Amino acid sequence: RLVTEVAALVRGAERAGRPVATLSIDSDIRLASAEARAAFTEELAASIRDLAARYHDETTPDGRWHRLVVAAHPRPPTGTES
């Protein structure tokens, strides 16, 4: 869905000669264990819930909806890991 939606936005922005406001965060994190991964996930979700609650406003007439996607997957081996 992310690729489809952003591609459509980019095409529309190009036709209009305008930029698309996007944000991306790309980070590698090495988690020590499944327990650490679970704790990290819980803390990340709580942080996002708190931040979204602080800024979310369905009542503002000039507000624009944005979709937030957070994804994580095991990083493929690079051949240099020990």
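Ala, Val, Leu, Ile, Met, Phe, Trp, Tyr, Cys and Pro count here as nonpolar, Asp, Glu, Lys and Arg as charged, and the others, Gly among them, as polar. On that basis, the lining of the largest pocket divides into 27 nonpolar, ten polar and twelve charged residues. A pocket is an open set of points on a 1 Å grid over the protein atoms alone, where a 1.4 Å probe fits, with protein on both sides within 12 Å along at least five of seven lines; lining residues have an atom within 4 Å of a point.

This is a predicted model, in which local features need pLDDT of at least 70 and side-chain atom pairs count only at pLDDT 80 or more, while totals for chains, interfaces and linings use all residues. Residues are numbered from 1 along each chain as its sequence is written, and side-chain values use heavy atoms, with hydrogens and water left out.

The protein has two helices and zero strands, taken as DSSP runs numbered from the N terminus (helices: H or I, at least four residues; strands: E, at least two). Its radius of gyration, taken over C-alpha atoms, is 18 Å, whereas a compact globule of 82 residues would come near 12 Å (the rule is 2.2 Å times the number of residues to the power 0.38). Of the 82 residues, 1% count as buried, meaning under 20% relative accessible area with a 1.4 Å probe and protein chains only; exposed is over 50%, and partly exposed lies in between.

Back to the largest pocket: 49 residues line it, and Leu23, Ile25, Leu68, Val69 and Val70 lie nearest its centre. Helix 1 (2-16) and helix 2 (34-55) are the elements giving two or more residues to this lining, and helix 2 gives the most, with nine.

The structure also holds two salt bridges, each a side-chain nitrogen of Lys or Arg within 4 Å of a carboxyl oxygen of Asp or Glu.

| Salt bridge | N to O distance |
|---|---|
| Arginine 67 – glutamate 5 | 2.7 Å |
| Arginine 75 – aspartate 28 | 3.0 Å |

Arginine 75 lies in the segment after helix 2 and aspartate 28 in the loop between the helices, so this pair ties together parts 47 residues apart in sequence. Aspartate 28 is exposed, at 55% relative accessible area, while arginine 75 is partly exposed at 47%. Glutamate 5, the partner of arginine 67, is also partly exposed, with 30% relative accessibility.
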